[in-house]
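Biologist: Please take a close look at one annotated part of this chain. Then show me how that part sits within the whole.

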Amino acid sequence: MALEICVKAAVGAPDTIGDCPFSQRALLTLEEKKIPYKCNLINLSDKPQWFLQISSEGKVPVLKVDDKWVPDSDVIVGLLEEKYPVPSLVTPPEFASVGSKIFPAFVKFLKSKDANDGSEQALLEELKALDEHLKAHGPYVAAEKITAVDLSLAPKLYHLEVALGHFKKWTVPSDLTYVNNYIRLLFSRESFQKTKASEEHVIAGWEPKVNA
């Protein structure tokens, strides 16, 4: 029995995957584990009634497994690992939090209106820490094999690259060689190409937050 998942639809394009990094993380997990699934695209600005009945907070992603709807990408990823242990995507515990501060640092810098508030520097520090980790352990966070931590980082790094490139004309510094190689490696995977939102939808998704 195929699993069912609800993810964000692109704004203005209801038949296209939207710009939710947490939805993409869940989809990447399904793709990497080669689990068959049915994907429901949800227009979050006009949520269908049936969706509100299964997701009390109206949030995506939600996954239907064993006739139960399960919210939250952390919970979904853990559940998929438990039920479909092969191939394993378990991240060694000592690496589980690698890169975890990059996304909040990126959001802060993206929304920043003051070039001297330290938000760019804070993001660079996080990216440098990731670069050093990958230099010692790469090409993925846990060496040769892709794991859950990479699938969590991939959509976030994509948002970072697209949004900062568009709104700030900012790119990951070229001297962060390992991070740049890591980004290319993640983005070139078939699972990523299949589940990513288009750049225009990522930009449109951040627009109101940047101009708030």
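**The annotated stretch and its chain**

Modeller: The UniProt record, an unreviewed entry, places the feature "domain: GST N-terminal" at residues 10-88. The model here is predicted. Look at that stretch first.

Now step back to the whole chain. The protein chain holds 9 helices and 5 strands. Follow them from the N terminus, and the order reads β-β-α-β-α-β-β-α-α-α-α-α-α-α. So how does the overall size compare with a compact globule of 212 residues? Such a globule would have a radius of gyration near 17 Å, and the protein chain has 17 Å, so the two agree. Along the principal axes, the C-alpha atoms fill a box of roughly 50 × 40 × 25 Å.

Next, go inside. Of the 212 residues in the protein chain, 48% are buried. Contacts tell another part of the story. Take those with a separation of 6 or more: 72% of them join residues 24 or more positions apart.

Finally, the surface and the charges. The accessible surface of the protein chain is about 10,900 Å². Carbon and sulfur atoms account for 53% of that surface. The protein chain carries 25 positive and 29 negative charges. Their mean positions are 2 Å apart.

Key
Residues numbered from 1 in each chain as written. Predicted model: local features only at pLDDT ≥ 70, side-chain atom pairs only at ≥ 80, totals over all residues. Heavy atoms only, no water. Helix = DSSP H or I, 4+ residues; strand = E, 2+ residues; numbered from the N terminus. Rg over C-alpha atoms; globule rule 2.2 N^0.38 Å. Buried < 20%, exposed > 50% of the residue type's maximum accessible area, 1.4 Å probe, protein only. Contact = heavy atoms within 4.5 Å. Areas by Shrake-Rupley, 256 points an atom, 1.4 Å probe, with all protein chains shown as cover. Lys, Arg positive; Asp, Glu negative; His and termini not counted. Charge placed at Lys NZ, Arg CZ, Asp CG, Glu CD. UniProt positions renumbered as here; feature names shortened; annotations may be inferred.
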